[in-house]
Amino acid sequence: MSALAGIDIALWDLLSRRLGLPLHVLLGGAVRHKVKVYSWIGGDRPRDVEAAAKERYAQGFRAVKMNATEDVDWLDSPKALETSVERCRIVKSVGLDVGLDFHGRLHKPMAKQLAKALEPHRPLFIEEPLLSEHYEGIKQLSGLTTIPIALGERLYSRWDVKRFLHDTSIDILQPDISHCGGISEIRRIASMAEAYDVALAPHCPLGPIALAACIQVAMCTPNFTIQEMGLTIHYNTEHEGGAYDIKDYIKDAGVWDVREGYLDG
């Protein structure tokens, strides 16, 4: 599906260039004039989140995402979750909304406890509280928390998504345009999700081509809610080969300037 996604995105781009029209016009027309975005803080093992949150705020973001935990055992001491709650509180105090990505690292005994502990701090969402394979557990968890549940980066087609929509266990769907078949398939997934009152927030800690495709989809998708943006994400900046970022690959880096939490459409 990833190979098909690359071909699909390229074909839509060629058509758009040939006709001299923005892609979102070809997909039905704009339903908004700007796109809400969020970025990452904290790295793979969350740390220094206050300084990172302040930096993101200064960059124009008003929402961020971070890993919810470090390593947690299948059944661990409840104290293992205290730092997760504290990090959420700190980031919120900076003036940012925050999503907590569980990354499927937790098992049900700890995921239930952490969701309960986070509720008073009202995170934007919790992502992959369990791995997508555990759809029964996600359904159970959805009945135990008021926090919106998000997932979808490990789902690659309408058929993968269908079960979660049918059993109403999620609130936000996060397909990855680079892995779910491209623009054509993500639009079909979005339309399915809209019929179940589920929002679209595509997964995209990737490069400028994937992000640009996501922005075009966001512009014309009614149930789009917020877009992940890999600006200075640790995947790109924390490796031996040197730091690279999404702004390094395009002529007009200003298109990725964030203003009060939004990109211009």
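User: Before we start, how are residues numbered, and which atoms and pLDDT values count?

Analyst: Residues are numbered from 1 along each chain as its sequence is written, and side-chain values use heavy atoms, leaving out hydrogens and water. Because the model is predicted, local features need pLDDT of at least 70 and side-chain atom pairs count only at pLDDT 80 or more, while totals for chains, interfaces and linings use all residues.

User: Which residues is Ile177 in contact with, leaving aside its neighbours within four places in sequence?

Analyst: Contact means heavy atoms within 4.5 Å. With those neighbours left aside, Ile177 is in contact with Ala5, Ile9, Gly182, Ile183, Ile186, His203, Ala210, Ala213, Cys214 and Val217.

User: Why do the buried residues of H7 line one face of the helix?

Analyst: In H7, residues 158-166, the buried residues include Val161, Phe164 and Leu165. The arc is that of the directions from the helix axis to the C-beta atoms. Trp159 and His166 are exposed on the other side of H7. Seen down the axis of H7, the buried residues line one face because they fall within an arc of 100°.

User: What do the buried residues of H7 pack against, and which residue follows H7?

Analyst: The buried residues of H7 pack against helix H6 (135-142), strand S5 (149-151), strand S6 (172-173) and helix H8 (183-195). After H7 comes a residue with a positive phi, near 50°, and that residue is Thr168.

User: At what angle do the axes of H8 and H9 cross, and which residues make the contact?

Analyst: Axes are lines fitted to C-alpha atoms, for helices over the stretch in contact, with angles from 0 to 180 degrees between N-to-C directions. The axes of H8 and H9 come within 11 Å and cross at roughly 35°. The contact is made by Ile183, Ile186 and Arg187 of H8 and Ala213, Val217 and Cys220 of H9.

User: Which residues of H4 and H5 meet, and how close do the axes of these helices come?

Analyst: Ser84, Val85 and Cys88 in H4 meet Leu114, Ala117 and Leu118 in H5. The axes of H4 (residues 82-93) and H5 (residues 108-118) cross at roughly 30° and come within 10 Å.

User: Is Thr145 buried or exposed, and what does Thr145 touch?

Analyst: Thr145 sits in the loop between H6 and S5. With a relative accessible area of 9%, Thr145 is buried. Not counting residues up to four places away in sequence, Thr145 touches Ala115 and Glu119.

User: Where does His103 lie, and what is its phi?

Analyst: His103 lies in the loop between strand S3 (97-101) and H5, and its relative accessible area of 17% makes His103 buried. Although His103 is not a glycine, its phi is positive, at about 55°.

User: Is Glu128 buried or exposed?

Analyst: Glu128 is in the loop between strand S4 (125-127) and H6. Glu128 has a positive phi near 45° and is a residue other than glycine. At 0% relative accessibility, Glu128 counts as buried.

User: What distance separates the C-alpha atoms of Ala3 and Cys180?

Analyst: Ala3 lies in helix H1, residues 2-19, and is exposed, with a relative accessible area of 59%. Ala3 and Cys180 are 177 residues apart along the chain, and their C-alpha atoms are separated by 9.6 Å.

Terms used
Buried < 20%, exposed > 50% of the residue type's maximum accessible area, 1.4 Å probe, protein only. Helix = DSSP H or I, 4+ residues; strand = E, 2+ residues; numbered from the N terminus.
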